[in-house]
Amino acid sequence: MKKSLIYLLFALTFFVSSCELDNYDAPNAKFYGSIIDEEAGVGIPQDLIEGSVIEYVELGYENPPRQQLRFKPDGTFRNNLMFSGSYAVQPV
């Protein structure tokens, strides 16, 4: 029992000492909007499973990943956890 406790304390000490703090700022921007029918002036309803998405790429990096944001059924989209910057945006 004593030996198990010593191993547990050693592992806990190693885990705590190996953790690094994240020094980046939290996301500070929001991206939201809707797709609106020009003639009717209302949001275009979307299918939940095969609905539309918005693809966006953060500019300023050599090989940025292409990210997707799904529409809600009423045609709106929202992401409250984005970083400030320049993005290339395209509805798909």
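Trainee: How are residues numbered, and which limits apply to the model?
Mentor: Numbering runs from 1 along each chain as its sequence is written, and side-chain values use heavy atoms, with hydrogens and water left out. In this predicted model, local features need pLDDT of at least 70 and side-chain atom pairs count only at pLDDT 80 or more, while totals for chains, interfaces and linings use all residues.

Trainee: Which residues make up the largest nonpolar core?
Mentor: A nonpolar core is a set of buried Ala, Val, Leu, Ile, Met, Phe, Trp, Tyr and Cys residues joined through side-chain atoms within 4.5 Å. Buried means under 20% relative accessible area, exposed over 50%, and partly exposed in between (1.4 Å probe, protein chains only). The largest such core has six residues: I54, Y56, L69, F71, F77 and M82.

Trainee: Which elements give two or more residues to this core?
Mentor: Strands here are DSSP runs of E with at least two residues, numbered from the N terminus. Those that give two or more residues to the core of I54, Y56, L69, F71, F77 and M82 are β2 and β4 (76-82).

Trainee: What is the geometry of the aromatic pair of Y56 and Y87?
Mentor: Rings of Phe, Tyr and Trp (its six-membered ring) pair if their centres lie within 6.5 Å; planes under 30 degrees apart count as stacked, over 60 as edge-to-face and the rest as tilted. A search of the whole structure finds four aromatic pairs. In one of them, Y56 and Y87 have centres 5.9 Å apart and planes at 70°, which makes the pair edge-to-face.

Trainee: Where in the chain do Y56 and Y87 lie, and how many residues apart?
Mentor: The pair links distant parts of the chain, with Y56 in strand β2 and Y87 in strand β5 (residues 87-91). Y56 is buried, at 5% relative accessible area, whereas Y87 is partly exposed, at 24%. Their separation is 31 residues.

Trainee: Is E58 buried or exposed, and which side chain of opposite charge is nearest?
Mentor: E58 is placed in strand β2 (residues 53-58). Lys and Arg count as positive and Asp and Glu as negative, with His and the chain ends not counted; a salt bridge is a side-chain nitrogen of Lys or Arg within 4 Å of a carboxyl oxygen of Asp or Glu. E58 is buried and has no salt bridge; at 14 Å, the nearest side chain of opposite charge is R66.

Trainee: What lies over the face of Y32?
Mentor: A charge sits over a ring if NZ of Lys or CZ of Arg is within 6 Å of the ring centre and within 35 degrees of the ring normal. At 4.4 Å from the ring centre of Y32, the residue over its face is R78.

Terms used. Helix = DSSP H or I, 4+ residues; strand = E, 2+ residues; numbered from the N terminus.
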